[in-house]
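Could you walk me through a few side-chain pairings in this protein?

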Amino acid sequence: MSRATLAIYRARWQRFSSQLHARWQPLALREKRMVAGMAVVLVGLLIWLTLVKPPLAKITFWQNETPKLRAQTEALEVLLRSVNVRPQGQSVGQSLEQSLQAAGLAGHYQLQAADGGAWQLNVDAAPADALLDWLLSQPSQLSLQVVEAQLQRASETSTDVTAGTLSGTVRMDQAQGAKEAS
């Protein structure tokens, strides 16, 4: 801003200020109080409309919207758990091996591929809790379903495994949705 422009604005302000002062002086005390009160009310209304009401509206909106979003998140998590989680370029066999290792069943199983996308899992003295947790979650995530499970409690008891051990055979086949999609 140049000095000339600044001088113009200063002159306008001084003229406005002197006109306001000239109109304020002849008012009676009662009128001055009424004008000041109206100014306070107008400033308060302006503050309410610009600074307070919009945030309150947003808070109310998000209080109503948050439960809906939480329900959608839960539904999405359930859906994502049921989706095939096999990494790209990795075969079903590799994914099964990896998930069995991650479940703590290393050294307790033999995995064999059968024809038609079926798999046979032979377990020997596998920890029961780890095996059952794996059977309940992992095959469905790899688009497999347990078709047959012949499991029995292993004869030897171990003091370090409280849930016991299981031995037997589990047959898995492609899930119906996976067969139709391929």
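Here is a short tour of the salt bridges and of one asparagine. The model is predicted, so local features need pLDDT of at least 70 and side-chain atom pairs count only at pLDDT 80 or more, while totals for chains, interfaces and linings use all residues. Residues are numbered from 1 along each chain as its sequence is written, and side-chain values use heavy atoms, with hydrogens and water left out.

**Salt bridges**

- The structure holds 2 salt bridges (a side-chain nitrogen of Lys or Arg within 4 Å of a carboxyl oxygen of Asp or Glu).
- One of them pairs Lys68 with Glu65 at 3.9 Å, N to O.
- Both residues belong to helix H2 (residues 29–82), 3 residues apart, or about one turn of the helix; helices are DSSP runs of H or I with at least four residues, strands are runs of E with at least two, and both are numbered from the N terminus.
- Glu148 and Arg171 form a salt bridge too, with their closest N and O atoms 3.0 Å apart.
- Glu148 sits in strand S3 (residues 144–153) and Arg171 in strand S4 (residues 165–174), so this pair ties together parts that are 23 residues apart in sequence.

**Around Asn122**

- Asn122 is part of strand S2 (residues 119–127).
- Its relative accessible area is 19%, so Asn122 is buried (under 20%; exposed is over 50%, partly exposed in between, with a 1.4 Å probe and protein chains only).
- Beyond neighbours within four places in sequence, Asn122 is in contact with residues including His108, Tyr109 and Thr169 (contact means heavy atoms within 4.5 Å).
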